[in-house]
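User: I have a structure open and would like to go through it. Can we start with how the helices pack?
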Amino acid sequence: MPRQLGELEDAVMTRVWEWNRPVTVREVLEDLQQERSIAYTTVMTVMDNLHQKGWVRREVEGRAYRYTAVSTRAAYAAALMNEAWSRSDNPAAALVAFFGMMSAEQREALRDAMRIVQPALPEDGTAPADEAGDGEAGEAADGAEPEAGR
């Protein structure tokens, strides 16, 4: 499971993710220097660390490396959320608290995501009949086999 990126690692990965192409240390450095004073060797070390941690892969091009993201920012965010949730001693309560922190836009994004993951789920959020126990499968809930010819 990935650990959270540090501040400078995140700044570097943000560029790699946003540019969505192989990048050099020099390119990242020049962009970072628009926000802060930073040395080439610092960026090179951070990118090497990201490579060692498996966040980026690199290929030699001339005398430099070109770095490419191994996964997306969305996958990174999902992994962090999953890690935090799995560490909870009460996952249901953690989800309720998390949902309570969400903005209206985030709740709508969650609804959209649920429609993608569970396309059979009606818009009102209720479970389909068979999952809710309203269908034939629910008749044998006591563990007995249904009688033939019912």
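User: Which residues in H1 meet which residues in H2?
Analyst: This is a predicted model. In it, Leu8, Ala11, Val12, Arg15 and Trp19 from H1 meet Glu27, Val28, Asp31 and Leu32 from H2. The residues of this contact divide into 6 nonpolar, no polar and 3 charged.

User: Where are those helices, and at what angle do they pack?
Analyst: H1 covers residues 7-19 and H2 covers residues 25-32. They pack at an angle of about 110°, and their axes are 11 Å apart. Angles of 65 to 115 degrees count as roughly perpendicular, so H1 is roughly perpendicular to H2.

User: Is the crossing left-handed or right-handed?
Analyst: H1 passes H2 in a right-handed crossing.

User: OK, the loop now. What is the phi of asparagine 20?
Analyst: Asparagine 20 has a positive phi of about 50°, although it is not a glycine. Its place is in the loop between H1 and H2.

User: Is asparagine 20 buried or exposed?
Analyst: Asparagine 20 has a relative accessible area of 67%. The cut-off for exposed is over 50%, so asparagine 20 is exposed.

User: Changing topic: what is the mean pLDDT of the protein?
Analyst: The mean pLDDT is 83, and 78% of the residues reach 70 or more.

User: Where is the pLDDT below 50?
Analyst: The pLDDT is below 50 over residues 131-150.

User: And how many contacts has that stretch in the model, beyond near neighbours in sequence?
Analyst: Beyond near neighbours in sequence, residues 131-150 have 8 contacts in the model.

Definitions and conventions:
Residues numbered from 1 in each chain as written. Predicted model: local features only at pLDDT ≥ 70, side-chain atom pairs only at ≥ 80, totals over all residues. Heavy atoms only, no water. Axes fitted to C-alpha atoms, helices over the stretch in contact; angles between N-to-C directions. Helix = DSSP H or I, 4+ residues; strand = E, 2+ residues; numbered from the N terminus. Parallel < 35°, antiparallel > 145°, perpendicular 65-115°, else oblique. Left-handed = near helix turned anticlockwise from the far one by under 90°. Contact = heavy atoms within 4.5 Å. Nonpolar A, V, L, I, M, F, W, Y, C, P; charged D, E, K, R; others polar. Buried < 20%, exposed > 50% of the residue type's maximum accessible area, 1.4 Å probe, protein only. pLDDT = per-residue confidence, 0-100.
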